[in-house]
Amino acid sequence: MELKICHMYPDVLNLYGDRGNVMCMTQRLNWRGIETTVRKLPIGDSASLAGFDLVFIGGGQDFEQQVLLEDLHRGKDREIRAAIEDGVCFLTICGGYQMLGSYYETYDGQRCDFIGALDLYTVGAKERMIGNYKFRCGPESGGSLVVGFENHSGKTWLGSAVQPLGTVLAGYGNNGEDGTEGARYRNVFGTYSHGPLLPKNPALCDHILLTALTRKYGRAELAPLNDEAENAAHDEMAEKIH
Amino acid sequence: MTIRAFFAILLCKALQLFARILHRGGTAMPGRIALKLCPNLLAILARNVKTVAITGTNGKTTSARMIEEAFRLEGKSYLANRSGANLLSGITTEFVRNATIFGKVDKEYAVIECDEAAAVKAFGQLKPQVIVVTNLFRDQLDRYGEVTHTMANIRKGIQAVPEALLCLNADCSLTASLAGDLPNPVRWFGVDQGAAPSKPVPELSDATHCIRCKTAYTYDYVSYGHLGGFRCPKCGYCRHEADYAVTDLVAQRMDSTEAVLRINGKRELAKINLPAMYNVYNAIGAVAAICEMGLGSQAALRALAQFQCGFGRMERFDLGQAGARMMLVKNPAGCNQVIEFLQNITERFSLVICLNDRGADGTDISWIWDADFEGLRGLGGNLRQVLVSGDRAPDLRIRLKYAGIDDGRIRVQRDYEALVDWMARQTEPVLIMPTYTAMLELRQVMIRRCGGAEFWE
């Protein structure tokens, strides 16, 4: 078996440890003898998304947003929408997650069009939502308890065409109001859990990998790994966060 | 002086005395309360003191100690906020400590380290003669926000003091951009191509796109992180030639560096009493500040050779047969520099890494995934054992596991007493990488065991 991962915009969407997710997926596949290739797709690289099994998009700073949007609107937006409809697995985080929605409206009312791949939109809030948080994934996303760190000022609202990734147990999640966290659509996983989400949440990592492998090979299984270290970090934070 | 300032000083001094009796540090609290009573107290006290202020993401404390050493060697009367209390409150406490109750400060100079978020308020009151900006890196996102936000804070602070001379890092495209729209006179420091390691542009840079026109930079060379010979191909924004430059590295040792400097056109050989590239930057920034404060290049060179930094910055402890050395880490850029230093060690050693997630460390520990712990893998047999500690030790353990370090060689030890016991038993050197609050706590335990200065001394 082999999995082809695309890391989109590692040059600008790498805010705080985002690459930890790619490292984690790669290692967990390699430990099971599954070959993995990671192709970085920086700004200006017009390589096609066709042929990738899993696309990762991280979060970024406001400063580079304009550069990013220009690049997206040069055709990558169409590519992303097509890949998503084709069932390619996506993991998108924070800014990368918001970007798949229809738009972002700043706190002072300026609207910025995003790529409209997912039925959701984001509105800037006055206060940033910062801190450790935890949520429970829905059954269709494996049902595991996820611990993470969020840092966003945008409040995201889901439309009827997408499902939340999970239900907030402590912290803010999508908007701090409706108890939802992240979004699921076809094989897309979107979340506010920024930075290294997967290393401490091996169950979610394996669920995402399995989703990508199942799409590619019809059926797939992942051999269990020794997750003692991962689970120790996970459980301790799950206990700490209220 | 107003009656309000008089009472503020009196109160501040009483609180300082109180803190000392209780054997507490008390480096910020007295000033904080005094400022509530008299918000412009620092301005009153700093009025007749010639001040050099040091701000930026990394290297503030080390640079300040180097600058201070020049004042000490030249026999000048000066004060300094040595304890790392670098917010407005801590700076005020230090000035009050050196003032009479009538607000007269009996020191001619002040060497002040200033937190980059506190620069907004502090610069206007301090009215520094020289301001050094060391560099700007991503740092504690939950506390400072994005790096451009930190830059805006520093800019706002400098806008209150248009006469202050700026010593800016020429190699940092973010820091250097401060010169563009400020009327202040500027002197530049940096590392020339000849002294930079020949490396390609790193993947993780905190400044990939031009701060002025958002085009991707090209680099003639990179010294570390995003520092180096940057150039914007579109708008032409590029590295300014350095007035104070490191032109060549002659020797890089475990505990010192020898470098050739160009100081206003004149070549000088310098011994820097610290290893690693980030300290070479601290050194050249300090030379710029010392010279611009009027102390002369020979005073600067003597200071580099003789200063002792301590307080967790390459600080040596007499523990175990071969000693222990503590190197504070706070963010990916600094951590990578320490890892690079470890890669150059030729003997066997053990490593202790302590990660806390308290306010002063940043509550978000995501940054450990931006730091290149993969570099430790290349140490092979030289790295004997790794002990992880601190509030977030389990996160460090998985970071190292995914960096390819055998989980069997990693041990979690959260009890600092037991950790220091272990250090004392080692026959080979122990290197310690703590975050800020972990450094304060672990250092306490270590100096109880083997001596050293309390942090407020």
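The C-alpha centres of domain 1 and domain 2 of chain B are 27 Å apart. The model is predicted. The domain assignment places domain 1 of chain B at 3–306 and domain 2 at 313–450. Contact between them involves 21 residues of domain 1 and 15 residues of domain 2. On the domain 1 side, helix H4 (60–73), helix H7 and helix H10 (277–292) of chain B each give two or more residues. H7(B) gives the most, with 3 residues. By class, this side of domain 1 divides into 10 nonpolar, 7 polar and 4 charged residues.

Chain B also meets chain A. The contact takes 23 residues from chain B and 31 residues from chain A. On the chain B side, helix H7 (141–144) and helix H13 (393–402) each supply at least two residues. H13(B) gives the most, with 6 residues. The side of chain B that touches chain A holds 8 nonpolar, 5 polar and 10 charged residues.

An open sheet of 9 strands is found in chain B, in the order S2-S3-S1-S4-S5-S6-S9-S10-S11, with mixed pairing. Its edges are S2 and strand S11 (266–272) of chain B, each of which pairs on one side only. The twist from one strand to the next averages 20°. Within this sheet, strand S1 (residues 50–55) and strand S4 (residues 130–133) of chain B pair in the parallel sense over 4 bridges. B:Thr55 has B:Val133 of S4(B) as its bridge partner.

H10(B) lies across several strands: S1, S4, strand S5 (165–169), strand S6 (186–191), strand S9 (244–252), strand S10 (257–263) and S11 of chain B. H10(B) runs at about 155° to S6(B). At least three residues are drawn from each of domain 1 (3–306) and domain 2 (313–450) of chain B.

Helix H5 (residues 88–97) of chain B is mostly covered, with 9 of its 10 residues buried. The buried residues are B:Leu88, B:Ser89, B:Gly90, B:Ile91, B:Thr92, B:Thr93, B:Glu94, B:Phe95 and B:Val96. Their cover includes helix H1 (3–21), helix H2 (29–37), helix H3 (41–46) and helix H6 (119–126) of chain B. Strand S2 (78–80) and strand S3 (109–113) of chain B also contribute to this cover.

B:Gly157 is found in helix H8 (residues 147–159) of chain B. B:Gly157 counts as buried because 25 other C-beta atoms lie within 10 Å, the cut-off being 20 or more. Beyond its neighbours within four places in sequence, B:Gly157 is in contact with B:Ala119, B:Val120, B:Ala122 and B:Phe123. B:Thr257 is 100 residues from B:Gly157 in sequence and 34 Å from it in space, C-alpha to C-alpha.

A second open sheet in chain B has 6 strands in the order S12-S13-S17-S14-S15-S16, and its pairing is mixed. Strand S12 (313–317) and strand S16 (410–412) of chain B are the edge strands, each pairing on one side only. Neighbouring strands are turned by 20° against each other on average, direction ignored. Strand S15 (residues 383–389) of chain B pairs with S16(B) in the parallel sense over 3 bridges. B:Val386 has B:Ile410 of S16(B) as its bridge partner.

Strand S17 (residues 430–434) of chain B contains B:Val430. B:Val430 is buried because 26 other C-beta atoms lie within 10 Å. Apart from residues up to four places away in sequence, B:Val430 touches B:Gly320, B:Ala324, B:Phe349, B:Ser350, B:Val352 and B:Met423. B:Val430 and B:Arg239 are 191 residues apart in sequence and 39 Å apart in space, C-alpha to C-alpha.

Terms used. Residues numbered from 1 in each chain as written. Chains lettered and ligands numbered in written order. Predicted model: local features only at pLDDT ≥ 70, side-chain atom pairs only at ≥ 80, totals over all residues. Pairing = 2+ DSSP bridges. Axes fitted to C-alpha atoms, helices over the stretch in contact; angles between N-to-C directions. Buried ≥ 20, exposed ≤ 12 C-beta atoms within 10 Å, placed from the backbone. Contact = placed C-beta atoms within 7 Å. Nonpolar A, V, L, I, M, F, W, Y, C, P; charged D, E, K, R; others polar. Domains from an automatic or database assignment.
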